[in-house]
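Subject: Structure handover

Hello,

Here is the structure I promised you. Please open it and keep it beside this email while you read.

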Amino acid sequence: MEKLHIDWQFKTFENLSQKELYAILLARQEVFIIEQKIYYVDCDNRDQNAWHLFGLDPDGEVVAYLRVLPPGKMEMHSVGRVLSAKKYRLFGYGKELMKNMHEKVQEEFGHIPLGMSAQVYLENFYQGFGFKTSSEPYIEEDIEHIKMIYQPSN
């Protein structure tokens with residue numbers, strides 16, 4: 001498989017089409033519930049207030065995804081449900097996702113800090129996009145996590 005042209009979208013819940021929402025939920029289930037064996041209710045009633053950033057392949061399948069949540073559970077906007085579909089992981093789409101996230105957040109909200117609860121094994125990946133570790137490891141859904149914060153330099 002060769003690297004594909006990806007259609008990146010950044011949308012509110014209300015602006016997602018039914019096909020896009022279905023593809024997003026399918027990708028989240030495949031990665032978090034099936035692959036990582038995290039048994040939780042993914043539909044947490046937070047998607048409705050989130051912005052959704054996702055890349056679609058030419059067939060409409062989600063290649064990479066994340067959501068940006070308003071302050072609430074965290075005191076600042078936060079990034080969550082970050083994923084790359086398994087069959088697309090060696091093509092750098094996760095890096096494209098994070099670069100697009102910074103651009104889209106800046107366009108929509110300005111230079112704002114962002115928080116995240118990151119799986120520990122991805123700490124170096126997120127540090128490459130300006131996130132800094134702000135907590136000791138803790139267990140969330142039976143997986144070791146850390147809090148990370150991105151502070152824009154303006």
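How do the residues of the lining of the second largest pocket divide into nonpolar, polar and charged? There are 6 nonpolar, 1 polar and 5 charged. Bear in mind that the model is predicted.

**The second largest pocket**

This pocket holds about 220 Å³ of space. Helix α1 gives the most to its lining, with 6 residues. The lining includes A23, L26, A27 and E30. Also among the lining residues are G60, E61, K86 and K87.

**The largest pocket**

Now go to the largest pocket, with a volume of about 950 Å³. Its lining has 38 residues. Look for F32, R81, V82, S117 and Y126, which lie nearest the centre. By class, the lining has 18 nonpolar, 9 polar and 11 charged residues. Several elements supply at least two lining residues each, among them α1 (18-35), α2 (93-109) and β8 (143-150). Which element gives the largest share? That is β4, with 7 residues.

**The cores**

Next, the nonpolar packing. The largest nonpolar core has 28 residues. Those with the most contacts inside it are L66, V79, M101, L114, M116, Y126 and F131. The elements that give two or more residues to this core include β1 (7-12), β2 (51-56) and β5. Helix α2 gives the most, with 5 residues.

Take M116 as an example from the largest core. Leaving aside neighbours within four places in sequence, M116 is in contact with M74, V79, V82, Y126, F131, I146, K147 and M148.

Now find Y138, in strand β7 (residues 138-140). Is Y138 buried, exposed or partly exposed? Y138 counts as partly exposed because its relative accessibility is 22%. The side chain of Y138 makes a polar contact with the side chain of S117, at 2.5 Å. Along the chain, Y138 and S117 are 21 residues apart. Their C-alpha atoms are separated by 9.7 Å. Remember S117 from the largest pocket, where it is one of the residues nearest the centre.

H145 sits in strand β8. H145 is buried, because its relative accessible area is 6% and the cut-off for buried is under 20%. The side chain of H145 reaches the backbone oxygen of I143 at 2.8 Å. Y138, for its part, has H145 among its contacts.

**Two positive phi angles**

Last, the backbone. Most residues other than glycine have a negative phi. Which way do K37 and D142 go? K37 has a positive phi, near 55°. K37 is placed in the loop between α1 and β2. D142 also has a positive phi, of about 65°, although it is not a glycine. D142 lies in the loop between β7 and β8. K37 is exposed, with a relative accessible area of 54%. D142 is exposed too, at 76%.

Best wishes

Conventions
Residues numbered from 1 in each chain as written. Predicted model: local features only at pLDDT ≥ 70, side-chain atom pairs only at ≥ 80, totals over all residues. Heavy atoms only, no water. Helix = DSSP H or I, 4+ residues; strand = E, 2+ residues; numbered from the N terminus. Buried < 20%, exposed > 50% of the residue type's maximum accessible area, 1.4 Å probe, protein only. Contact = heavy atoms within 4.5 Å. Polar contact = N/O pair within 3.5 Å; in protein donor to acceptor, adjacent residues only side chain to side chain. 1 Å grid on protein atoms, 1.4 Å probe; cavity = no way out; pocket = protein on both sides within 12 Å on 5 of 7 lines; lining within 4 Å. Points joined across faces, edges and corners; volume = space filled by probe spheres on them. Nonpolar A, V, L, I, M, F, W, Y, C, P; charged D, E, K, R; others polar. Core = buried A, V, L, I, M, F, W, Y, C linked by side-chain atoms within 4.5 Å.
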